[in-house]
Amino acid sequence: MKHLKLGLTAMLFIAFITVNAQEKKTFKIHTVAFYNLENLFDTINDPNKNDEASPIMEMKGDIQEVYKKKVSNMARVISDIGTDVAQNSPVIIGVSEVENREVMEDVANDPLLLDKDYGIVHYDSPDRRGIDVGLFYQKKFFTPLHTSSHELIIFDDDSRERVYTRDQLLVSGKLENEMIHIIVNHWSSRSGGEARSRPKRVGAAKLSKKIIDSLQTIDPYAKIIIMGDFNDNPNNASIKDVLKAEEEKEDVKLKGIYNPYETFFKNGMGTTGYRDSWSLFDQIMMTQPFLEKDYSSFRFYKAGIYNKNYLVNKRGRWKGYPLRSFADGGFTDGFSDHFPVYIFLIKEIQ
């Protein structure tokens, strides 16, 4: 079992719970993360999907070797997230842009992750590109008790035809002996422009809010984590007006939602870059019970963007942005066009 010992320098974090500054407390710590895996497709043509339009299927040469390297690169990042503090890979990590369960199994079975014994939750969705969301969890720490896939039904404003996009994944289970709920999202892109595509993400936010409301109707104190690639920033209408996520912990009331990534965004940080500007589309939010100051159960400690040096492009027009896997019709031996995001959950132990 991995523990976090908070000494004098870290006591600043727990000073607000009126702990004696000279007293040392010991906390159990777990990392919860989200990562857009950027077009993690296999090399098999599925006649029921548009997977032949995926970057790897459009490449020439030995695409099987490219696939193996892509899987290995994804496993490397997942294995690293949070280890500097938690001394362990994420106990829970939501992912997006995966083609099927099999590609997730290949990642989980990579030598870098095999000893973590990751379980998988995945449902096929009707997305027109053939990509889904999913969840990895370390079986030693998390036990799913209920999983469900929630279909998003939205329509194009002009054609009024249905837009087939990703379902939202709900996983409820025990983190050790505590019930938590995780909603994994990948909302509609900004194709056609932010304003024109905005209603699709507002619709996705309404579906997430419906899921949250249903959980809170059963238990107003439900611990819910909302994660994903939202294709919106923390200050956009979908998150601020529909989810009503707050930047400051003190403003979060019972049944409210806290978004630590709004402050990151205001400070100029992002998870993906486009046209010489940063966006912070990847976020992890949580409901108020994670913010309580009683650390007898798992509470929020801090959030982060995993933007280590090896994930950053060092040259060219995309210098400083995430080192993506696919560009200009080829494989770059990179990772993803998104940085992962993560939070630490801590619990005091005697």
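Predicted model: local features only at pLDDT ≥ 70, side-chain atom pairs only at ≥ 80, totals over all residues.
**View 1. Helix α4 and its buried face.** Helix α4 covers residues 101–108, and Val103, Met104, Val107 and Ala108 are buried in it. (Buried means under 20% relative accessible area, exposed over 50%, partly exposed in between, with a 1.4 Å probe and protein chains only; helices are DSSP runs of H or I with at least four residues, strands are E runs of at least two, numbered from the N terminus.) Looking down the axis of α4, you'd find its buried residues within an arc of 140°, so they line one face of the helix; the arc is that of the directions from the helix axis to the C-beta atoms. At the start of α4, a side-chain oxygen of Asn100 comes to within 3.1 Å of the backbone nitrogen of Glu102.

**View 2. The largest cavity.** Here's a space of about 40 Å³, lined by residues including Tyr123, Asp132, Arg166 and Leu169. (On a 1 Å grid over the protein atoms alone, a cavity is a set of points where a 1.4 Å probe fits but cannot get out, and a pocket is an open set with protein on both sides within 12 Å along at least five of seven lines; lining residues have an atom within 4 Å of a point.) The structure holds one cavity of 30 Å³ or more.

**View 3. The largest pocket.** This pocket has a volume of about 1100 Å³. It has 35 lining residues, and the closest to its centre are Ser189, Arg190, Ser191, Asn231 and Phe281. Elements giving two or more residues to the lining are β2, α5 (194–218), β14 (272–274) and β15 (277–279).

**View 4. The second largest pocket.** Its volume is about 310 Å³. Among the residues lining this pocket are Arg315, Trp318, Leu323 and Thr332.

View 5. Glu38 lies in strand β2, and its phi is near 45°, a positive value in a residue other than glycine. At 0% relative accessibility, Glu38 counts as buried. Back to Lys255: its phi is near 75°, also positive in a residue other than glycine. Lys255 is partly exposed, with a relative accessible area of 44%.

Methods
Residues numbered from 1 in each chain as written. Heavy atoms only, no water. Polar contact = N/O pair within 3.5 Å; in protein donor to acceptor, adjacent residues only side chain to side chain. Points joined across faces, edges and corners; volume = space filled by probe spheres on them.
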